[in-house]
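Please look through the following notes with the model open beside them.

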Amino acid sequence: MIINHQVGIAGSATDIYEALTTNEGLMDWWTNDVTGAGEVGSVIQFRFNGGGPDFQVTELVPDQKVVWRHHGNMPEAWKGTEISFDLIPGDNQILVRFRHANWEEASDFMAHCTTKWAVFLLSLKALIETGTGQPFPDDIHIDHS
């Protein structure tokens, strides 16, 4: 199973790549608590109120591609999954093709993550186009609680 999104961003591939590969960039659109971003082999820790997933950087092609493999046990449903961002030049935009692949089953949690990934990709778009993203905890909440 795979989550697949694409969003066009009016900005440079270099700016988008930086937002995907540095602690500061990731904190500006996904979650405000990120450590470990770096070269291939680095393990990035993403925290949401103390807990969250870790991903190992497995591929970096400057201004073109970023790939992470889930590392660890949290969340359990993400074990073995891989996230990729392809940056594709388009007319007056960079298309960001996002994939979260290798899900074992389509579940309620996968449905939740599908929507949250769309929310965070729009946060990335806002960051690049306006200078301000909406990372956790200031993201759009999709659950009523």
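1. Lys125 is partly exposed, with a relative accessible area of 23%, and Glu129 is partly exposed as well, at 36%; here buried means under 20% relative accessible area, exposed over 50%, and partly exposed in between, computed with a 1.4 Å probe on protein chains only. The side chains of Glu129 and Lys125 meet in a salt bridge, 2.9 Å from N to O, a term that stands for a side-chain nitrogen of Lys or Arg within 4 Å of a carboxyl oxygen of Asp or Glu. Because they are four residues apart in helix α3 (residues 108–130), Glu129 and Lys125 are separated by about one helical turn; helices (H or I, at least four residues) and strands (E, at least two) are DSSP runs, numbered from the N terminus.

2. This is a predicted model, in which local features need pLDDT of at least 70 and side-chain atom pairs count only at pLDDT 80 or more, whereas totals for chains, interfaces and linings use all residues. Residues are numbered from 1 along each chain as its sequence is written, and side-chain values use heavy atoms, with hydrogens and water left out.

3. The structure holds seven salt bridges, and one of them joins Lys65 to Asp86, with the closest N and O atoms 2.8 Å apart. Lys65 lies in strand β5 (residues 65–71) and Asp86 in strand β6 (residues 82–90), so this pair ties together parts that are 21 residues apart in sequence. Lys65 counts as partly exposed at 22% relative accessibility, whereas Asp86 is buried at 14%.

4. Which residue meets the side chain of Asp86 in a salt bridge at 3.2 Å, N to O? That residue is Arg99, and since Asp86 lies in strand β6 and Arg99 in strand β7 (residues 93–101), the pair ties together parts that are 13 residues apart in sequence. Arg99 is partly exposed, with a relative accessible area of 27%. Salt bridges that share partners join Lys65, Asp86 and Arg99 into one network.

5. The largest pocket holds about 430 Å³ of space; a pocket is an open set of points on a 1 Å grid over the protein atoms alone, where a 1.4 Å probe fits, with protein on both sides within 12 Å along at least five of seven lines, and lining residues have an atom within 4 Å of a point. Of the 20 residues that line the largest pocket, the closest to its centre are Phe48, Phe109, His112, Lys116 and Phe120.

Definitions and conventions:
Grid points are joined across faces, edges and corners, and a volume is the space filled by probe spheres set on the points.
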